[in-house]
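User: I would like to learn how to read a few features of a protein model, taking each idea in general before turning to the case at hand.
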Amino acid sequence: MALLGALFLVLLAGAHAELPGCKIRITSKALELVKQEGLRFLEQELETITIPDLRGREGHFYYNISEVKVTELQLTSSELHFQPEQELMLQINNGSLGLRFRRQLLYWFLKVYEFLSTFITSGMRFLLNQQICPVLYHAGMVLLNSLLDTVPVRGAVDELVGIDYSLLKDPVASTSNLDMEFRGAFYPLAEGNWSLPNRAVEPQLQEEERMVYVAFSEFFFDSAMESYFRAGALKLSLVGDKVPHDLDMLLRATYFGSIVLLSPAVIDSPLKLELRVMAPPRCTIKPSGTTISVTASVTIALVPPGQPEVQLSSMTMDARLSAKMALRGKALRTQLDLRRFRIYSNQSALESLALIPLQAPLKTMLQIGVMPMLNERTWRGVQIPLPEGINFVREVVTNNAGFLTIGADLHFAKGLREVIEKNRPADTRGPQASSAPPPSTAAV
């Protein structure tokens with residue numbers, strides 16, 4: 001009975017678990033690049049440490065070692081790898097330091113070289129332990145965390161919508177990769193608490209050949225389009241000179257009879273063409289490609305100045321767009337292309353037949369006047385959750401049933417120090433401000 005109860009609780013938890021709209025896998029191939037940049041940053045941090053003077057007396061021996069400077073640092077043997085339950089493990093062995101210092105020694109015996117050498121070496125090791133360990137702690141716990149703070153979690157995409165990249169659970173590390181699951185959901189800024197239920201296929205990541213893989217489900221794109229729909233952005237109104245001249249002439253000829261019957265006095269009034277998406281568009285991802293289905297109303301009217309507009313026709317438009325995704329920098333960009341287009345009347349099948357001559361010119365108008373505006377926006381892209389200064393290069397897009405994956409390599413567009421200095425917290429300019437453990441504890 002207890003076993004059945006436990007099983008029921010597990011199933012219930014699974015039923016309410018939120019599915020990710022975006023997954024990211026970092027493979028072991030990325031670690032060498034990260035290690036090189038990270039070690040370069042650590043070397044730069046250690047070369048700036050200030051080592052206090054060492055002075056005192058031991059019997060008849062007086063010493064004063066001052067102006068100690070690190071001139072060279074080599075971390076020749078190091079390894080960065082994934083470790084289950086600990087995410088990442090960095091091991092540094094056989095590091096070496098080059099030092100320059102001023103020494104003053106007074107002693108009463110002649111044959112004391114070995115003693116002095118041992119004494120100075122032990123003293124310098126003590127001083128370095130007192131300084132290096134807090135610096136490493138500060139670099140890892142404060143400075144590198146300031147780099148992670150540049151990863152976008154929840155924020156505005158533009159003036160209408162935002163995106164939520166909250167982690168749904170802790171990252172999972174294996175010996176070869178690190179997997180992370182993000183909510184990956186858009187929302188209208190005017191409705192910050194609104195969210196679209198995720199009923200899409202969960203994206204899967206299997207590959208390990210590239211440095212990083214990003215997977216997006218249909219939900220990721222559906223939430224974007226529904227957010228723009230709720231924000232009132234999916235509509236377009238063309239009036240007067242904004243309507244292409246050839247299309248204006250064709251529409252007036254098509255509806256000449258209606259104009260004469262309804263209101264012949266406004267026959268020369270400006271023409272209005274309004275497109276309004278009727279329901280949130282939906283994305284379909286298949287191995288053959290990604291498509292977006294849109295249903296919109298098309299209203300044609302005359303707008304005489306200072307008078308109510310005269311509606312000539314109202315029809316429905318079904319369109320299917322192909323979508324090609326690409327990663328540029330660290331932004332996901334989309335290129336749309338109009339593939340299928342159909343208009344039909346809301347009134348009768350007979351009127352739908354009369355609309356056939358408008359099919360081609362309306363499609364041309366969409367391709368020339370509307371699609372460039374859409375692509376100008378979608379090609380700006382939306383940022384992927386990566387730290388500042390790291391970009392994607394050499395990406396490869398793969399379509400699957402219900403989700404797509406993008407494999408890419410990483411490139412440091414900015415040095416780690418440059419990014420950290422830009423985002424360094426104001427009150428953590430040195431290791432002493434980092435709440436580091438006492439030097440004796442750190443040294444141990």
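User: Where is the place of Lys330?

Analyst: This is a predicted model. In it, Lys330 sits in the loop that joins strand E17 (310-328) to strand E18 (331-345).

User: Is Lys330 buried or exposed, and which residues is Lys330 in contact with?

Analyst: A residue counts as buried when its relative accessible area is under 20%. Lys330 has a value of 16%, and therefore it is buried. Leaving aside neighbours within four places in sequence, its contacts include Val382, Gln383, Pro387, Glu388 and Phe392.

User: How should I read the length of helix H2?

Analyst: One compares the expected span with the distance between the end C-alpha atoms: H2 covers residues 28-46, and at 1.5 Å a residue its 19 residues should span 27 Å, which agrees with the 27 Å that separates its end C-alpha atoms. An α-helix has 3.6 residues a turn, so residues three or four places apart point the same way. Among the buried residues of H2 are Leu31, Lys35, Leu39, Leu42 and Leu46.

User: What lines the second largest pocket, and which element gives the largest share?

Analyst: The second largest pocket has a volume of about 1100 Å³. Of its 41 lining residues, Leu234, Leu336, Leu374, Arg377 and Thr378 are the closest to its centre. Helix H8 (356-378) is one of the elements that give two or more residues to the lining, and its 8 residues form the largest share. By class, the lining has 31 nonpolar, 3 polar and 7 charged residues.

Terms used
Residues are numbered from 1 along each chain as its sequence is written. This is a predicted model: local features need pLDDT of at least 70, side-chain atom pairs count only at pLDDT 80 or more; totals for chains, interfaces and linings use all residues. Side-chain values use heavy atoms; hydrogens and water are left out. Helices (H or I, at least four residues) and strands (E, at least two) are DSSP runs, numbered from the N terminus. The expected span of a helix is 1.5 Å times one less than its number of residues. Buried means under 20% relative accessible area, exposed over 50%, partly exposed in between (1.4 Å probe, protein chains only). Contact means heavy atoms within 4.5 Å. On a 1 Å grid over the protein atoms alone, a cavity is a set of points where a 1.4 Å probe fits but cannot get out, and a pocket is an open set with protein on both sides within 12 Å along at least five of seven lines; lining residues have an atom within 4 Å of a point. Grid points are joined across faces, edges and corners, and a volume is the space filled by probe spheres set on the points. Ala, Val, Leu, Ile, Met, Phe, Trp, Tyr, Cys and Pro count as nonpolar, Asp, Glu, Lys and Arg as charged, and the others, Gly among them, as polar.
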